[in-house]
Amino acid sequence: MFSTKQTLVVASVTALFSGSVLAMSGSSDSNSAAGEKINGKYAANYAEIIKNADGKYLDSKVIEAILGKDATHGRDGLEGKLDPANPYSFEVDDSIDGGNHGNAQCKIPLAFTEVHESVAKNYHNDDYTARGFGTPIAEAALEKWNIVVDGDGKGLPDPSVGMTVDEGAKVYVQFCGMCHGEFGEGAKGYLPLAVEENLVTSDFYDPAPMKAVGNYWPYAATLFDYIRRTMPFWTPNAPYIGDAGYMGMTGYIMQSNYIPMDDEGTELEGDTFYNSEVLMKQNKYMKNQGNFFCDHRPVIHNERCMTNCPDAQVGNGKGDIHSYRQARKLPDGTPQYNVPQRMHEDKPGVGHAGM
């Protein structure tokens with residue numbers, strides 16, 4: 001069973017949970033007798049409730065049984081999850097986001113950690129074979145992918161590992177530029193990594209803003225982790241790039257997005273040696289970090305409709321299935337950014353179609 005006395009990140013069971021980064025800290029009241037409540041609000045026997053529901057802790061009926069119907073839905077439900085005693089709380093430890101930046105990451109709720117008693121056996125026993133199929137992966141093969149970086153920086157390379165931002169730019173151009181553009185502007189139909197665009201639009205029918213690292217990504221630590229784990233897409237975690245190369249290209253991307261290192265707004269220079277210490281300094285200055293919050297509620301308000309649907313759910317919202325607006329097009333009928341390239345309707349190129 002997981003310890004609820006420490007901050008932790010679970011990689012092995014992410015399929016059971018929809019959050020991007022899973023972390024928690026706190027203690028448990030789950031052994032209380034049935035009928036009792038935590039702080040007079042939440043069912044203290046929530047572990048038993050979930051076990052009886054085959055571990056489906058996000059099932060709507062399970063949530064209502066634990067929190068109460070009024071505390072599950074709408075504004076009351078969101079406000080309730082700000083309470084650390086709530087088994088579904090999404091409060092965040094300051095060590096992850098460097099301070100009070102809002103609910104920028106999720107905790108693993110107590111409702112999750114207290115009920116999966118077989119996790120340790122299933123995922124950490126060398127003799128375990130899933131349902132009798134396959135062979136447990138060898139430790140030597142697994143070691144290459146033992147590269148998890150937590151939101152608080154745990155797992156980052158030693159500060160001696162890195163390179164200057166200029167050196168990182170050369171690595172980036174060699175392995176990333178063909179898809180994302182030499183300056184992060186986007187190429188060949190792939191998304192840009194650096195754009196100066198506000199994510200807030202003034203009109204419902206405005207085109208969707210382009211999300212990039214500077215205006216959207218919440219953590220520098222997870223940016224490095226993602227790049228190393230998945231890029232280049234044809235050979236991720238490439239040994240010929242190494243931790244130093246991945247750190248360098250991360251630094252170049254951060255510089256391209258003008259992410260500061262301190263309260264004075266000091267930005268990266270070309271000769272800045274970019275390593276884990278510099279990355280963690282920038283971690284709490286990611287521009288969009290405070291705009292994330294976690295909502296563990298499943299969609300339980302609307303029944304899925306396939307036939308005889310209400311007019312509001314059909315076509316133009318008035319029941320006309322032949323009148324609708326394509327999300328991939330702007331109000332004037334022209335396509336949004338890179339859509340023709342992504343749909344193979346236009347030749348690959350840099351930036352917007354035709355430029």
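User: Which residue follows α12, and what is its phi?

Analyst: Tyr258 comes after α12, with a positive phi near 60 degrees. The model is predicted, with residues numbered from 1 along each chain as its sequence is written, and local features need pLDDT of at least 70. Side-chain atom pairs count only at pLDDT 80 or more, while totals for chains, interfaces and linings use all residues, and side-chain values use heavy atoms, without hydrogens and water.

User: Where does Tyr258 sit?

Analyst: Helices (H or I, at least four residues) and strands (E, at least two) are DSSP runs numbered from the N terminus. Tyr258 is in the loop between α12 and β4, and it has this positive phi although it is not a glycine.

User: Is Tyr258 buried or partly exposed?

Analyst: Buried means under 20% relative accessible area, exposed over 50%, and partly exposed in between (1.4 Å probe, protein chains only). At 41% relative accessibility, Tyr258 is partly exposed.

User: How is the length of α12 read?

Analyst: The expected span is 1.5 Å times one less than the number of residues. Helix α12 covers residues 242–256, 15 residues in total, and reaches 21 Å from its first C-alpha to its last, close to the expected 21 Å.

User: What do the buried residues of α12 pack against?

Analyst: Contact means heavy atoms within 4.5 Å. The buried residues of α12, including Tyr246, Met249, Ile253 and Met254, pack against β3 (163–164), α8 (165–175), α10 (213–216), α11 (220–230), β4 (273–274) and α13 (276–283).

User: Which residues of the largest nonpolar core touch the most other members?

Analyst: In soluble globular proteins, nonpolar side chains tend to be buried together. A nonpolar core is a set of buried Ala, Val, Leu, Ile, Met, Phe, Trp, Tyr and Cys residues joined through side-chain atoms within 4.5 Å. Here the largest core has 31 residues, and Met249, Met254, Tyr274 and Leu279 touch the most other members. At least two of its residues come from each of α8, α11, α12 and α13, and α12 gives the largest share, six residues.

User: What does Leu279 touch?

Analyst: Not counting residues up to four places away in sequence, Leu279 touches Leu156, Ala220, Ala221, Phe224, Met247, Thr250 and Tyr274. Apart from this core lies another, of 15 residues, among them Ala47, Tyr57, Val62 and Leu67.
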